[in-house]
Amino acid sequence: GAATRDRLRIAIQKSGRLAEPARKLLAACGLSWRESRDKLFCYGESLPVDLLLVRDDDIPGLIADGVCDLGVVGRNELDEQAGARAQVGLPQAYRELRGLGFGQCRLMLAVPEDWDWTGPAQLRGRGLRIATSYPSILSRWLQEQQIDAQVVELSGSVEIAPRLGTAELICDLVSSGATLKANQLKPVETLLESEAVLAGPVGGFDDARAALAQMLLRRMDGVLQVRE
Ligand code: PRT
Ligand code: ZN
């Protein structure tokens, strides 16, 4: 349970792919801040809506802990952490409120270029290793597909795992496909269609933040509709 607050706090990525488009979207919703581009906190001026600039990986946890009220984060990160929470018996603490139409990518299974791909069934009973930064989403998919592969969790540089001999396959985010190609891999299955999303707590708010969040969502819907 978060403490009562009369200002809304939104977590966005400090730097990286989602940082600039998240700021632009919120600015288009009429928000402005006392400028502090390199700091962690931006104080809202036009409305009592503040920004917390963080690593994208931290955003789901910040919402779960009530440190932030809303967050702009990739669906891939949100789903992965929701799955990880569920696996250790934690209740769902956040949910996707809106798809935001930027940061699009796919979480895909990729195999060596020279494989003839006939489908997921091809992976059964071969004791394969799959490198990924998304172990929970991958494990769920493998279970659905009844594939008994081993998940090798890596925090980065997943695409070089096959060359290093730490895994035969990878499961990673793909946008242009250039990274896979450069590593002699090809995408074969989509596990998740991702984009940046606005995330919020499952329970909503019971103080002044409720009206602020409602107004922000209404404005955001207007902005997103015009952009379509
Ligand atoms: O510092 P911080 O932890 O905040 O940043 P980060 O490095 O974890 O995140 P960042 O900025 O790289 O990505 C933030 C979010 O952008 C991701 O969680 C996705 O929701 C989204 N996104 C969209 C992507 C991509 N496209 C993407 N292509 N995130 C990563 N990639 C990587 C991918 O992992 C692979 O290494 O780009 C490479 C593939 O790109 P292509 O174009 O070669 O296919
Ligand atoms: Zn990250």
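User: Is Glu45 buried, partly exposed or exposed?
Analyst: In this predicted model, local features need pLDDT of at least 70, side-chain atom pairs count only at pLDDT 80 or more, and totals for chains, interfaces and linings use all residues. Side-chain values use heavy atoms, with hydrogens and water left out, and residues are numbered from 1 along each chain as its sequence is written. Buried means under 20% relative accessible area, exposed over 50%, and partly exposed in between (1.4 Å probe, protein chains only). At 47% relative accessibility, Glu45 therefore counts as partly exposed.

User: Which residue forms a salt bridge with Glu45?
Analyst: A salt bridge is a side-chain nitrogen of Lys or Arg within 4 Å of a carboxyl oxygen of Asp or Glu. For Glu45, the closest N and O atoms of the pair are 3.5 Å apart, and the partner is Arg34. Helices (H or I, at least four residues) and strands (E, at least two) are DSSP runs, numbered from the N terminus. Glu45 lies in the loop between β2 (41-42) and β3 (49-54), so the pair ties together parts 11 residues apart in sequence, the other part being the loop between α1 (19-28) and β2 that holds Arg34.

User: How many residues apart in sequence are the parts tied together by Asp69 and Arg5?
Analyst: Asp69 and Arg5 form a salt bridge, with the closest N and O atoms 3.1 Å apart. Asp69 lies in the loop between α2 (59-64) and β4 (70-74), and Arg5 in the segment before β1 (8-13), so the parts tied together are separated in sequence by 64 residues.

User: Are Asp69 and Arg5 buried or exposed?
Analyst: Asp69 has 2% relative accessibility and therefore counts as buried. Arg5 has 19% relative accessibility, so Arg5 also counts as buried.

User: Which element holds Arg75, the salt-bridge partner of Glu96?
Analyst: The side chains of Glu96 and Arg75 meet in a salt bridge at 2.8 Å, N to O. The pair links distant parts of the chain, 21 residues apart: Glu96 is in strand β5 (residues 94-99), and Arg75 is in helix α3 (residues 75-87).

User: Which residue in β9 stands opposite Ala110 and Ala131?
Analyst: Two strands pair if DSSP finds at least two bridges between them. Strand β6 (residues 105-112) pairs with β9 in the antiparallel sense over 5 bridges, whereas strand β7 (residues 129-132) pairs with β9 in the parallel sense over 3 bridges. Ala110 stands opposite Ile170, and the residue opposite Ala131 is Ile170.

User: How many of the 6 residues of strand β9 are buried?
Analyst: Strand β9 spans residues 169-174 and is mostly covered. Of its 6 residues, the number buried is 5.

How values were computed:
Chains are lettered from A and ligands numbered from 1 in the order in which they are written.
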